[in-house]
Amino acid sequence: MKNNAPQKNIVVLISGSGSNLQAILDACQNQHINASIKAVFSNKAEAYGLERARTSEVPAHSLDPKSFESREAFDRELMQQIDAYQPDLIVLAGYMRILSADFVRHYLGKMINIHPSLLPKYPGLHTHQRAIDAKDKEHGTSVHFVTEELDGGPVILQAKVPVFAEDDADELASRVLTQEHQIYPLVCQWFCDDRLVMKEGCAELDGNTLGKHGYAQD
């Protein structure tokens, strides 16, 4: 489903290797997403994702949290630098800082995150080990709008993977990451085609309010 929406500006926030960033960069370059990534920001200067950005000739920035007296001060500077790129969409791709309330409110409805669990299960960290410890038969990943509740915003899309008895956390993480690289660019595409919005605390796709687990094909 294509439309004639003008091309959007995306800014991506990372803390690590940036494999989801790479998937979205590739999708933009292949014109699967009607957008371009205008900048990548990290709270870690050594994050390999910054190198991915430079390789794609995307401005890459790092801010050191230790240079700021508070989380709020850090986020204020980050907001100022992000806004210089006039973003339509903020993508959190392995960004490991808890966001201040002001930051979340500033970008409410145009900031998305990917979380390695089938939300609302397992918010927070160590999701793969928690799924194994609970003897879950399936695990997965969720893309959601960001709200002030940690990993609690409305879910847009999930992907499920099986959990095998012999799995360790690394094996399960790898299986989940493969799915993340599929669904995160797809959600970005929906947003940039003006098909996806957050309205009254819910995710809507093509005018339909999505359920607790997001979009589900019949």
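A residue is called buried when its relative accessible area is under 20%, exposed when that value is over 50%, and partly exposed in between. The legends below apply these words to a predicted model.

View 1. The UniProt annotation "active site", which comes from an unreviewed entry, covers His115. This histidine lies in strand S5, made up of residues 111-115, and its relative accessibility is 4%, so His115 counts as buried. A polar atom of the His115 side chain lies 2.7 Å from the backbone oxygen of Tyr122. If neighbours within four places in sequence are left aside, the residues in contact with His115 include Tyr122, Pro123, Gly124, Thr141, Asp151 and Glu180.

View 2. Thr141 is found in strand S6, which spans residues 138-145, and because its relative accessible area is 0%, Thr141 is buried. The side chains of Thr141 and Glu180 are joined by a polar contact of 3.2 Å. Leaving aside neighbours within four places in sequence, Thr141 is in contact with a set of residues that includes His115, Leu118, Leu157, Val176, Glu180 and Ile183.

View 3. Strand S1, residues 8-14, runs parallel to S4 and is joined to it by 4 bridges, and here Val11 stands opposite Ile90. S4 also pairs with S5 in the parallel sense, over 3 bridges, and in this pairing Ile90 stands opposite Met111. Between S4 and S5 the chain passes through helix H4, residues 101-106, in a β-α-β crossover that is right-handed.

View 4. Ala60 has its place in strand S3, residues 60-62, and with a relative accessibility of 24% it counts as partly exposed. Although Ala60 and Ala39 are 21 residues apart in sequence, their C-alpha atoms are 6.0 Å apart in space. When residues up to four places away in sequence are not counted, Ala60 touches Val40, Leu50, Ala53 and Arg54.

How values were computed:
Residues numbered from 1 in each chain as written. Predicted model: local features only at pLDDT ≥ 70, side-chain atom pairs only at ≥ 80, totals over all residues. Heavy atoms only, no water. UniProt positions renumbered as here; feature names shortened; annotations may be inferred. Helix = DSSP H or I, 4+ residues; strand = E, 2+ residues; numbered from the N terminus. Buried < 20%, exposed > 50% of the residue type's maximum accessible area, 1.4 Å probe, protein only. Contact = heavy atoms within 4.5 Å. Polar contact = N/O pair within 3.5 Å; in protein donor to acceptor, adjacent residues only side chain to side chain. Pairing = 2+ DSSP bridges. Right-handed = clockwise from strand over helix to strand, strands pointing away.
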